[in-house]
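Please look through the sequence and the model below before reading on. My points follow it, written for someone new to such notes.

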Amino acid sequence: MGTWGFARPVWHCSMRAAPEDKTLSDDEWAQIACDVMHRTGLAPSGEEDDAVRWVAIRHGDDHIHLVAMLARQDGRRPRLSNERYRVRDACRAAEQRYGLRPTAPGDRTAACCPSRAESEKAARRGLEEAPRVVLRRQVSTAAAAAGSEQEFFARLRQSGVLVRTRRSTRDPAQLTGYAVALPGDTTRAGDPVWYGGGKLAADLSLPRLRRRWPRPGSDDRFTAAERSAAWDHVAQVVDHASAHIRGLLAGGDPGAAADAAWATSDTLHAAAAALGSRILRQAADAYDRAARAPYGRTPPPTPAGAGLRRAARLLSAYGYITSDPSFRPLVLIIRLAVLAETVADLRQSQQHGAQAAGALRAAQQLHAARGIYAAPGAAGQHPARSAATLAGAGFPVPPASDPATPPPPQPPPRPRPPSPPGPGQQPRRQ
């Protein structure tokens with residue numbers, strides 16, 4: 001086909017049945033393969049003589065491979081627009097036709113997974129996770145903690161992430177996008193490997209992030225009462241969001257709960273970052289898919305969603321003041337687990353199986369964290385700061401020690417010859 005051809009002229013697709021599914025016959029696999037090629041438009045039914053040439057190979061009892069040459073016999077170039085979603089439709093049809101294990105539809109809520117090359121590169125470098133996964137988590141945490149675009153980029157840079165912004169060619173003052181990279185993750189030429197926000201997850205593009213944050217000029221400062229009882233306040237907001245979603249489910253309007261389900265992800269990421277908890281971080285990662293609306297839709301803002309996002313910013317501000325976990329956020333963890341289970345019921349009622357499964361996994365992780373924080377000695381190892389101290393603390397100055405709390409005993413100083421301090425010098429603390 002010359003210059004009209006594809007740079008990669010071979011199309012490959014593998015299909016596998018679940019371990020508990022029945023063994024399909026050769027004829028059944030052949031029907032599935034023909035349906036895939038028809039739905040994708042590579043070889044429509046009735047156009048076999050003019051379509052692409054393809055073959056189906058059965059390597060084992062439970063899977064086949066489809067291979068096609070991307071050149072039609074009539075000389076035209078085949079179309080590959082959204083063929084992956086058409087393959088997904090064919091899989092769903094085969095599940096219903098042959099009684100196989102049902103799976104979730106391709107609703108485009110899943111985040112972009114690391115490619116094989118990215119995973120192998122991470123393994124060679126001895127990394128636990130691929131850079132794409134780490135960056136997605138850090139961007140989500142920074143977005144949940146930020147109240148503006150400027151604060152978002154500042155938090156990313158503060159966490160050690162490399163940031164590159166993109167500006168409009170017509171109006172250089174207008175910011176249109178961004179990309180992030182991890183230090184040390186480079187190409188063969190030594191350049192950073194950049195990931196656009198929308199390539200990490202659909203809801204992390206700059207236009208989507210802007211819809212999360214308060215409008216410029218709005219007063220989003222926290223009151224002294226909110227700062228002094230941050231965990232209690234956030235727990236109340238989470239409890240209110242759970243009741244809000246349950247009410248919408250009972251009223252037959254689950255679509256109106258989409259914004260609250262989306263904002264729950266911000267609260268989970270903020271809580272995981274404030275506590276520095278690995279298990280809460282895993283819960284936030286598991287929940288991410290449940291937060292996204294199908295097919296890239298952006299839910300309209302609601303008071304419940306706005307309250308959860310503001311609670312996430314409050315948690316991030318509290319974590320910046322002090323990392324002392326003595327407030328025992330057990331109540332918040334319990335209510336977050338209830339909220340995740342409520343969102344799972346919401347997604348199940350909407351027949352979004354993958355999103356419901358993600359919310360349930362997050363709830364299981366939160367219940368596990370509940371056991372950790374409820375264990376004797378898990379919290380309270382450090383003296384709690386009084387409410388008056390936290391209420392009077394200014395941002396971003398760290399609060400002074402509570403005068404009502406006696407300081408911990410210091411070890412006795414090592415014996416040394418006494419020597420008076422010199423002029424203008426202060427005695428050295430032991």
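**Notes on the cavities and a sheet**

1. The lining of the largest cavity divides into 5 nonpolar, 3 polar and 5 charged residues, where Ala, Val, Leu, Ile, Met, Phe, Trp, Tyr, Cys and Pro count as nonpolar, Asp, Glu, Lys and Arg as charged, and the others, Gly among them, as polar. Asp203, Arg208, Arg292, Ala293 and Arg297 lie nearest the centre of this cavity, which holds about 80 Å³ of space.

2. A cavity here is a set of points on a 1 Å grid over the protein atoms alone where a 1.4 Å probe fits but cannot get out, and lining residues have an atom within 4 Å of a point. A volume is the space filled by probe spheres set on the points, which are joined across faces, edges and corners.

3. The second largest cavity has about 50 Å³ of space, and its lining includes Arg136, Asp203 and Arg292. Helix H4 (131-145) and helix H11 (278-291) each give two or more residues to that lining; helices (H or I, at least four residues) and strands (E, at least two) are DSSP runs, numbered from the N terminus.

4. Strands form an open antiparallel sheet in the order S4-S5-S6, two strands being paired if DSSP finds at least two bridges between them. Strand S4 (162-167) and strand S6 (195-196) each have a single partner strand, so one side of each is left without a neighbour in the sheet.

5. This is a predicted model, in which local features need pLDDT of at least 70 and side-chain atom pairs count only at pLDDT 80 or more, while totals for chains, interfaces and linings use all residues. Residues are numbered from 1 along each chain as its sequence is written, and side-chain values use heavy atoms, with hydrogens and water left out.

Notes
On a 1 Å grid over the protein atoms alone, a cavity is a set of points where a 1.4 Å probe fits but cannot get out, and a pocket is an open set with protein on both sides within 12 Å along at least five of seven lines; lining residues have an atom within 4 Å of a point.
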